[in-house]
Amino acid sequence: MVNLVKKLMGKTPQKKVLNNNSILLVGLWNPDKKYKNTRHNIGADTLLKYIEKKGTTFKTHKSGMYRSADISINDTEATILTPMVSMNNSGDSVRDYLKNTNIAHDNVVIIYDDIDLAFGRLRLKQGSSDGGHNGIKSIDRNINKDNYWKLKIGVGRPPKGVDPAHYVLSKFNNEEREEVEFIIEDAIEVIEVFSTSREEAVKKASERRIIDVI
């Protein structure tokens, strides 16, 4: 009887219709200033550079959980997002954003550092394991890991005897720093190709070889 009344009053709950036309780009980092320019922040640094290139700025959500900006990429609507929480809680920010939108999870791309990829390599994959990355572990707790995309940016393995946790929280050395700018530009190109062809984006990411960054 209650459902009938709701229907007659036009209050029947509507099923959320997923938006398959917009994409969400999330750059992982630790937003605290002391982590600026560290290896762990290269995902967000890529999107910060893209924001600058697009000539727009972020707006911080009232929750304080994330900041975002809406842009257009090759006529595709896109939202760029950086969590405003620690790396290990990145999934909370992504969940907070997605619960208020209708973006399909297979239109989500997480950009982040990967120590299991050689410095300068890129890899775009849908699904795959978290690789021990705490930011990805957090996101996997909030999104089906088989649905969203990962754009991994290789930062290389730490030198022998160096703790991986310390390594990713350290800054790029002078020789690497010059190359980082080129890596970021190439990652941005992969993102732009993704907006029109995922297959081509996967190919483009895989084509960035170690020889390119020697």
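**Labels and their cut-offs**

Guide: Setting aside residues up to four places away in sequence, L25 touches L47, I73, T79, I80, L81, V109, I111 and I191. A touch, or contact, means heavy atoms within 4.5 Å. This is a predicted model, where local features need pLDDT of at least 70 and side-chain atom pairs count only at pLDDT 80 or more, while totals for chains, interfaces and linings use all residues. Residues are numbered from 1 along each chain as its sequence is written, and side-chain values use heavy atoms, with hydrogens and water left out.

Visitor: What makes a nonpolar core, and how many residues has the largest one?

Guide: The rule takes buried Ala, Val, Leu, Ile, Met, Phe, Trp, Tyr and Cys residues and joins them through side-chain atoms within 4.5 Å. The largest such set has 35 residues, and L25 and L124 have the most contacts inside it. Helix α6 (residues 174-194) contributes the most, with eight residues. Apart from this core lies another, of 17 residues, including L28, V94, V108 and I139.

Visitor: Why is I184 called buried?

Guide: Buried means under 20% relative accessible area, exposed means over 50%, and partly exposed is in between (1.4 Å probe, protein chains only). I184 has 4% relative accessibility, so I184 counts as buried. I184 is found in helix α6. Beyond its neighbours within four places in sequence, I184 is in contact with I42, D45, T46 and K49. I184 and I42 are 142 residues apart in sequence, yet 8.0 Å apart from C-alpha to C-alpha.

Visitor: How do you know what counts as a helix or a strand?

Guide: Both are DSSP runs, numbered from the N terminus: helices are H or I with at least four residues, strands are E with at least two. The protein chain comes to seven helices and seven strands. Along the sequence they follow the pattern α-β-α-β-β-β-α-β-β-α-β-α-α-α.

Visitor: What makes the R95 and D92 pair a salt bridge?

Guide: A salt bridge needs a side-chain nitrogen of Lys or Arg within 4 Å of a carboxyl oxygen of Asp or Glu. R95 and D92 come to 3.4 Å, N to O, so they qualify. They are three residues apart in helix α3, and therefore separated by about one helical turn. R95 is partly exposed at 40%, and D92 is partly exposed at 25%.

Visitor: How many salt bridges does this rule give, and which one links distant parts of the chain?

Guide: The count comes to nine. R157 and D116 meet at 2.9 Å, N to O. This pair links distant parts of the chain: R157 is in the loop between β7 (149-154) and α5 (164-168), D116 is in the loop between β5 and β6 (122-126), and 41 residues separate them. Both R157 and D116 are exposed. Another of the bridges joins K203 and E207, with the closest N and O atoms 2.5 Å apart.

Visitor: What share of the protein chain is buried?

Guide: Buried residues make up 46% of its 214 residues. As for contacts with a separation of 6 or more, residues 24 or more positions apart account for 71% of them.
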